[in-house]
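I opened this model to look up a few local features. My entries follow the structure.

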Amino acid sequence: MAEYPKCVVLFAESLFSSAFSILHPNLDRFTCNGCAGRLLLRQFENKNKRLGEFIQLLDVDEKGSFTLKYNDLKASLFTPSKDFHDYASFIGVSSTLTPTNLPSQIIPQIKHVIPSTELTFVHIQEQSDHAVKILEEFVHSFDEDNIFLVVVGGYGERDNVETPLPPASPFLPQQSYCIKDGQPVTNIKFTSPLHAVYHCKNLTRKDDTTTFTEENLLTQGGNGIILAEHFLKEIAFKLGHMPKYGA
């Protein structure tokens with residue numbers, strides 16, 4: 001497998017809280033060049049719903065266990081949320097608490113740490129158009145030849161958005177999102193998934209997506225559906241820290 005460069009994950013927790021009303025050419029170009037998929041969440045009881053989603057993305061809940069689980073993967077987080085910051089610090093991920101999501105203030109900090117880390121998460125709390133404006137600047141700065149860029153967007157408080165699943169068939173094997181660590185998963189939440197778009201020049205495949213819209217990602221995305229808790233395992237595999245997970 002070709003070696004992936006540094007990875008930046010932009011997690012916009014409430015990106016799809018309402019329809020976009022502004023143009024987003026950088027996100028469109030990024031999407032057109034990459035591939036999109038869905039991350040199914042599980043039902044959880046965390047009082048902070050957004051933090052609960054992030055915990056599922058990282059799939060770590062024991063103190064200081066991140067590097068152990070992901071074989072010494074060096075990761076960092078930039079977040080305006082103290083809850084996110086405290087969680088990252090608890091599991092052993094370097095975290096910077098930022099007073100703002102303004103890209104002009106955060107991007108220089110991120111570029112400063114990228115040489116010494118392999119995976120950088122950027123947490124964006126703003127909703128819909130406000131999140132799009134922020135993502136436009138981040139994508140413009142980080143969609144480069146030497147960056148594996150991933151945009152993950154959630155529905156915020158829109159908790160019951162129906163998204164189509166592949167039709168059931170007796171000829172299809174059980175899908176990977178139905179299993180974790182060899183055991184069946186029974187509490188999958190089939191509404192309001194997270195959308196993920198991936199791009200790294202010459203390394204990620206290209207699907208039929210052309211624009212960064214909810215409809216286009218749902219109907220043209222070619223990266224399939226996985227459990228949110230499998231997301232980071234796939235990223236870590238591409239960065240050379242985990243064995244291949246799934247097909």
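**Cysteines**

I searched the whole structure for disulfides (a pair of cysteine sulfur atoms within 2.5 Å) and found zero. For cysteine 32, the nearest cysteine sulfur is that of cysteine 35, 12 Å away. For cysteine 200, the nearest is that of cysteine 7, at 8.6 Å. I also looked up accessibility, where buried means under 20% relative accessible area, exposed over 50% and partly exposed in between (1.4 Å probe, protein chains only). Cysteine 32 is partly exposed at 25%, while cysteine 200 is buried at 1%.

**Basis**

The model is predicted: local features need pLDDT of at least 70, side-chain atom pairs count only at pLDDT 80 or more, and totals for chains, interfaces and linings use all residues. Residues are numbered from 1 along each chain as its sequence is written, and side-chain values use heavy atoms, without hydrogens and water.

**Aspartate 207**

I found aspartate 207 in the loop between β9 (188-199) and α7 (214-220); helices (H or I, at least four residues) and strands (E, at least two) are DSSP runs, numbered from the N terminus. Aspartate 207 is buried and has no salt bridge (a side-chain nitrogen of Lys or Arg within 4 Å of a carboxyl oxygen of Asp or Glu). The nearest side chain of opposite charge is lysine 206, 6.0 Å away. A polar atom of the aspartate 207 side chain lies 2.8 Å from the backbone nitrogen of glycine 222.

**Helix α5**

In α5 (residues 103-113), I noted Pro103, Ile106, Ile107 and Ile110 as buried. The face turned away from the buried side carries exposed Ser104 and His112.

How values were computed. Lys, Arg positive; Asp, Glu negative; His and termini not counted. Polar contact = N/O pair within 3.5 Å; in protein donor to acceptor, adjacent residues only side chain to side chain.
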